Amino acid sequence: MQEFRMLSTSGILGYGYAEESLKIGMSWNPHVIGCDGGSTDPGPYYLGSGKSFTSRMSVKRDLRLMLQASTAAGIPCIIGTSGGAGGEPHLQDTAALVREIAREEKLSFKLALIHSEQTKNDLLDWTRRGLTKPLAKMRPLDETMIGNAERVVGMMGPEPFAKALDAGAQVILAGRSSDPAQWAAPAIRAGMAPAPSWYAGKMLECGAEPTVPKEPDCIFLRVRDDHVVCEPPNPIRRSTPLAVANFALHENSSPIHHVEPGGLLDTSNCTFEAISDRAVKIDGMTWTPAERYTVKLEGVESAGYRAIAICGTRDPILISQIDDYLKTHREKVLLKAESFGVPPDAYNLIVHCYGKNGVMGGWEPNKQITSHELGFVIEVVGKTQEIATAVIAMARTSMLHADFPGRLCKEGNMAFPFSPSDIEMGEMYRFSIFHTVQVDDPCALFPIEYERI
């Protein structure tokens, strides 16, 4: 094959895209259409809770147009990391939505569901056999970590997607997957070289991100023997060498070495050439297969229950001594909580101070406050929701009414934008498993279920 063409509708399913962009992209005769459905970017809550971080309404709109376009053209439609986090609840919710759309639009196709959630028995077996390794600064996986995990998913590579395509699937919904894998799979399966196929996946995973102006929209990639061409269908956008090269640095610890399931994409020798005012040719990428195939595992555990309150002050006297005020505030909350029978180890109190160091915390290099107002997010994480709710009420009251040297105001110190001021946020989670597991079969962890819609 001389060229393999792929159309990505957006960076995340449900983020939206221009319908006209989809129409133009489909007129360029893609071989596959798709969209990445999720990410770890929004944090661990969604994997733990089984909920999506995009709305059902917006996902249904995006999916409806994609399914209509792909079935009309007779090409596959592929969704990776379904439902936002790729766990079993996320996959099943996305499948239910696809069935609903098919009934409403009278669409027929073969559906493949690729499961990615892993069982604790399998995790224990891999750990005991020494097949798992920690990533970053995680400690080695053990029985306690596995037992505490709320949900664990494996990040699939391209092989399960290719297997589903081989079986004739026209719509593929996958659990957690490497973002570029859903694109590398059909291109490599069509005979294209791995290096440009994986690079195309990097460009396609976030929709129109490698364009200017940047916002959720479609992107079109042409994969050829030793290069790719990146171009947005929407005439108001352009891919430029700078935009494309900049996006190649996206979400990776190294600017040139991209570790993927089964190998390493090296972009150190890439060149970026504008072949029109809207399209960029990229070449020079290489692919090195891994000696051992590993799958990344992502897992979360419960970290307690959260409640927050939001407020702000414009009092210059208070702002001038805010560090001392917050220190005193913390001490008062501690005493009040103990008087209610809540010990210090039953909760954690954090006050995020925006206008001072709310974004970077202790890493903030500018120590002097130059703002005329400060905003606060008071956060309490408790062992139970009852504890978190009780302590946030005390913390809110203390922030509002506590005295301080030179105080002139006779009422509250803070302005609260919302009523109710105290917001229960329910159970929260933290990432507890970021490990790899060595596998002999890249498809073994990802069973595929087929269904005629």
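Two strands are taken to pair if DSSP finds at least two bridges between them. In this predicted model, strand β3 (residues 77-80) and strand β7 (residues 171-174) run parallel and are joined by three bridges, and within β7 the bridge partner of Ile78 is Ile172.

These two strands belong to an open sheet of ten strands with mixed pairing, whose order is β12-β13-β9-β8-β1-β2-β3-β7-β4-β19. At its edges lie β12 (271-274) and β19 (448-452), each of which pairs on one side only, and neighbouring strands of the sheet are turned against each other by 20° on average, direction ignored.

Helix α1 packs on this sheet, while helix α9 lies across β1, β8, β9, β12 and β13.

| Helix | Residues | Strands | Angle |
|---|---|---|---|
| α1 | 19-27 | β1 (4-8), β2 (32-36), β8 (219-223) | about 170° with β1 |
| α9 | 194-204 | β1, β8, β9 (227-231), β12, β13 (280-283) | about 175° to β8 |

Taken as a whole, the protein chain holds 13 helices and 19 strands, and its C-alpha atoms fill a box of roughly 75 × 55 × 50 Å along the principal axes. Its radius of gyration is 25 Å, which agrees with the value near 22 Å that a compact globule of 453 residues would have. Of the 453 residues, 53% are buried, and among contacts with a separation of 6 or more, 77% come from residues 24 or more positions apart. The protein chain exposes about 20300 Å², of which carbon and sulfur atoms supply 53%.

Definitions and conventions: Residues numbered from 1 in each chain as written. Predicted model: local features only at pLDDT ≥ 70, side-chain atom pairs only at ≥ 80, totals over all residues. Heavy atoms only, no water. Helix = DSSP H or I, 4+ residues; strand = E, 2+ residues; numbered from the N terminus. Axes fitted to C-alpha atoms, helices over the stretch in contact; angles between N-to-C directions. Contact = heavy atoms within 4.5 Å. Rg over C-alpha atoms; globule rule 2.2 N^0.38 Å. Buried < 20%, exposed > 50% of the residue type's maximum accessible area, 1.4 Å probe, protein only. Areas by Shrake-Rupley, 256 points an atom, 1.4 Å probe, with all protein chains shown as cover.
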